[in-house]
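Subject: Structure handover

Hello,

Please find the structure below. My notes on what was found in it follow.

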Amino acid sequence: MTHDIYPKQTRREALLVHGVVQGVGFRPFVYRLALEEALAGFIGNDTDGVTIEVEGTGEHIEAFLRRLRTEAPPLARIDSIAVRVLAATGEAGFRIVASGVLGRVSTGIPADAATCPDCLRELLDPQDRRYLYPFLNCTNCGPRFTITWRIPYDRPQTSMARFKMCAACQAEYDDPVNRRFHAQPNACWQCGPRIWLAGADGAEIAEDDPVIAAIHRLVAGEILAIKGLGGFHLCVDATSEAAVMRLRQRKHRYGKPLAVMVKDVEAARALCVLTMEEEALLTTSARPIVLARKRDTSGIAAGVAPGIPWLGVFLPYAPLQHLLFADERVWALVMTSANLSEEPIAIDNDEARARLGAIADAFLMHDREILQRCDDSVAVVVDGNPQLVRRARGFVPLGVELHLDAPMMLAVGGHLKNVFALARGRRVYQSQHLGDLENLTGLEFFRESLDHLMRTFEIEPETVAHDLHPGYLSTSWAKEWAEERGLRLIAVQHHHAHIAGCMAEHGLEGPVIGLSLDGTGYGTDGRIWGGEVLIARLDEFERFAHLEYAPMPGGEAAIREPWRMALGHLSAAGFDLGSNSLLSLLGVKEQEARVLRRMMERGVNTPLTSSCGRLFDAVVAVVLGRGRVDYEAQAAIELEGLAVDEPDEPGYWMEFKTADWAAREPVRICAEPLWRELMDDLQSGVSKARIAARFHGGVADAFVRAAVLAQKATGIKQVALSGGCMHNRRLARLLRRGLEAEGFVVFQHAHVSPGDGGLSYGQVAVAAAMLKMPKLPGEAH
Ligand SMILES: [Zn+2]
Ligand SMILES: [Zn+2]
């Protein structure tokens, strides 16, 4: 060892670490690492990250830097490390510097995280002082976003403020090498929140062990309202048909699939056929509900997910849930957000008693207040890639990257499945899923959440982006709010926002060919769009092609009653709506059909739509005779489900009309031949599954051909896929493969939902790009 005879060179380096590094056990981790590598110095939280100074040999500093990245705690995420060389000071020992010393702490709040393996072990260890304690947590796990009132993320700013730590908990909290060092929600049986059982009237029922008592009731088929991390769940035994039916009746929720929680991955495998990607999603610390293929032998009551071959399955993420599954009689539980239809999820104990008393037989309550409502997230694997259907618990409030600089901005999103976004610089913070913005309760939740996130990220918007639709509650609210404050307003077209969101996720400026397929969005011609081929840059777009307009008799009513859409489409395709065989196929009375025909003839309450989602509705009404839907996108989901085991079939034909792109006239994609082939198949007894497969093939084929046409006209080879129809796995797969076969480079969403939940992210991208330009073409006057 020749170099031993030379004195080792001592170096000092300052590291500024950005990413998710606060409130996730990063400082104790660095402390331990520094001790192991014999380094002196300190670590402290900084304005937007942590600052570390280390002093020691170059070799040790190098090892420290390497291990910083490879051994970081599970919830930490390092985005960047900036290194600066300093003069050595001869300092000895390593210190953790208190918050605030190095400046204002404003990196915000981490997302809620599932109980970690260490805590789970303690929970079930009779020797541990937290044995069976339903609120144990540590720096690697536990509630964060949902219990925090404001930044900095410190105990006094959370709903744990009223619980004074006992001496044992405090000692852990103060000990830099303890897993609970600065674990803000740290608690135990002695000092933390308590749990109790209450009857339907909300009055406490004295029980030695409220969890065991709750399990007895669940096993007996009762409906329990259980307070979770982001709100109450309504919970029943998922194997009991009777219990599931009772829950549906009391909740007035009939068709919509319910999510099922099981103990672990092994149990999930018994319910569903899981791919590796699906298992990986299930076990992330965000613990989303994953939509996976249901096994026939699952043992789950048929009423849980009627009419579809998938099941929403997820794993326990809070200690209380683990305790329920620790009892061997509990194997699968329906866990559904405790709300009526699309109301926000209930969080407050009094609110829960008032709103859920008529639904639940009993409550499992606790006194750790939920400060932020947050539903469970929902994810699905599409063609091997995870995709978020609903981005909420476990993801919020983590930011999503933007590749261009945004001024401080609010984007209010759309109408259904609302999610707003706050932006500053190159980060966009999307709110939790807020549900439909149709009424005052929804708007209240919107405002409550906006106040919270503005405070959290210290963002005072200068610009407000909203949807082009003049009738959306989010639009009128945005206008009023911006006017009061004298802020700039930017209106963004719905389908442009979808495509821009996909582009921004991949750092694309455009132009791209954007296939934006979804339910409804307001078009620049005042009609309802939804089957669009756009030539899009971030700041502007042109409409290259669209599905041919079809009448939507009854307007909004046609969304709830697909038979109306079927008559609309069939009349556009030239079918005789007076035909008895057609009406009996749809289960429509002669009288109803006549009224609708007259509406269409006179154009009364009959907007025109190019929506892809509505085409799916019409087809489901014809193929399955489904006259009504119970939830959004039900028709499309059922049609996809029908074809799930079918091989890819040659698609029905769709015809292109008037392609005078030179005159900037959009190509119209007509479904007339598709309808003729489909009706022929139906009449000649072709199986419904095969018809569903041919329909998917036809839609995909038409949009691939439209993209090829767009490429010939513009030379563009990149395609972005977006819109709610991209949740349809078959359609997304056929589109991607078809486009790739034509030599296109295809881009899909990864961190943001392709549905309306992702709209606000796209609105930010469009508005930020527009603001870079000298003129603002979309700016409101
Ligand atoms: Zn833990
Ligand atoms: Zn304690």
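**Aromatic rings**

Phe420, Phe446, Trp477 and Trp481 are joined into a cluster by ring pairs. Rings of Phe, Tyr and Trp (its six-membered ring) count as a pair if their centres lie within 6.5 Å; planes under 30 degrees apart are stacked, over 60 edge-to-face, and the rest tilted. This is a predicted model, where local features need pLDDT of at least 70 and side-chain atom pairs count only at pLDDT 80 or more, while totals for chains, interfaces and linings use all residues. Residues are numbered from 1 along each chain as its sequence is written, chains are lettered from A and ligands numbered from 1 in the order in which they are written, and side-chain values use heavy atoms, with hydrogens and water left out.

The structure holds 12 aromatic pairs. One of them is tyrosine 31 with phenylalanine 94: the ring centres are 6.2 Å apart and the planes at 65 degrees, so this pair is edge-to-face. Tyrosine 31 is in helix H1 (residues 26-36) and phenylalanine 94 in strand S5 (residues 94-96), so that the pair links distant parts of the chain, 63 residues apart. Helices (H or I, at least four residues) and strands (E, at least two) are DSSP runs, numbered from the N terminus.

Phenylalanine 446 and tryptophan 477 are also edge-to-face, with 4.9 Å centre to centre and 75 degrees between the planes. Phenylalanine 446 belongs to helix H11 (residues 440-457) and tryptophan 477 to helix H12 (residues 473-485), so the pair ties together parts 31 residues apart in sequence. Both phenylalanine 446 and tryptophan 477 are buried (under 20% relative accessible area; exposed is over 50%, partly exposed in between; 1.4 Å probe, protein chains only).

Cysteine 138 counts as buried, at 0% relative accessibility.

Cysteine 166 counts as buried at 19% relative accessibility, and cysteine 169 at 0%.

Regards
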